[in-house]
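Have a look at the structure first, then read on.

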Amino acid sequence: MSSTTFEELTCIIGIKIKRIPSRPDVLSVGEILSATLRYLASGESMTSIMFSFRIGQSTVSNLILQCCTVLWDTLSPKVLLMPDTNKWAQLAKEFENKWQMPNCLGSIDGKHIVHQAFANTGSTNFNYKGSHSIILLAMCDASYNFTVVDIGAPGRCSDGGVFSSSEMGKGFLNKTLSFPIEKEIDNKSGPIPYYAVGDEAFPLLENLMRPYPGRGKKRLPLNESIFNYRLSRSRRTIENTFGIMSSKWRVFRKPIIAGEKNSYCNYKSRGCTA
């Protein structure tokens, strides 16, 4: 992060995290934001942040919780705006130019954010990989930017189950996401609806495409194999987006050691700045 961006961010959230009274020994806005970004970007423990900034451990935990909450509340209305019909059409055009997938609005998938088992939660967040996690369900555009996210589903749920119960999934099922009207992509196929692409975990809908089944078990017809290739090539964008997020914010590269409330705030704030 450049110094200019840091100063801009300080000015945006400073009034909400400023500590009162203002004494020389009270932490400044810059120190609070620096400690939070250091924790999220480096993946260090809160104990390491405590020694680096010479702040008490309980103070570090409370500051990170407060700062992440303010980052989400302040930046999410500016960054994660629900696209309107015109914006969806622009995203589809960009997707076709970059990935040769006409009428595609984006790629959707879920990511398990691994964390230390929360107190008194039992196996609620225990996933099939043998770890405890919270699911980040997200949709991205052709340039690796999140467009729609759903955060907080327990790790024991499947991607399809999270999709069906989330506001995003209900928008797909009820067709309330303001997608553009169907459009012809050639002179033979007729009008084709706008859609997102996902893997086999998601249902096949009019506005959500998934690969043909049977890959690896039998030889698919040539046209189905080509379709699966093109769809998988487009769906790779969401995998790349998750990879970029984990590379930029290394707190996601290992289990997060924090309480349930702190962890949720960490996930949300990274969704705004990834």
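What follows covers the largest pocket, the cysteines and one leucine.

Keep in mind that this is a predicted model.

Let's start with the largest pocket, which holds about 300 Å³ of space. It is lined by 14 residues, and the ones closest to its centre are Met-101, Pro-102, Ile-185, Tyr-195 and Phe-227. What kinds of residues make up that lining? Helix α8, which covers residues 222-248, gives the most to the lining, with 4 residues.

Now for the cysteines. In general, a disulfide is a covalent bond between the sulfur atoms of two cysteines. Searching the whole structure for them turns up 0 disulfides. Take Cys-67: its nearest cysteine sulfur belongs to Cys-68 and sits 6.1 Å away. Because a disulfide calls for sulfur atoms within 2.5 Å, Cys-67 is in no disulfide.

| Residue | Relative accessible area | Class |
|---|---|---|
| Cys-67 | 0% | buried |
| Leu-75 | 11% | buried |
| Cys-157 | 26% | partly exposed |

Leu-75 counts as buried because its 11% falls under the 20% cut-off. Cys-157, at 26%, is partly exposed.

Last, a bit more on Leu-75. This leucine is found in helix α4, residues 57-79.

Terms used: Residues numbered from 1 in each chain as written. Predicted model: local features only at pLDDT ≥ 70, side-chain atom pairs only at ≥ 80, totals over all residues. Heavy atoms only, no water. Helix = DSSP H or I, 4+ residues; strand = E, 2+ residues; numbered from the N terminus. Buried < 20%, exposed > 50% of the residue type's maximum accessible area, 1.4 Å probe, protein only. 1 Å grid on protein atoms, 1.4 Å probe; cavity = no way out; pocket = protein on both sides within 12 Å on 5 of 7 lines; lining within 4 Å. Points joined across faces, edges and corners; volume = space filled by probe spheres on them.
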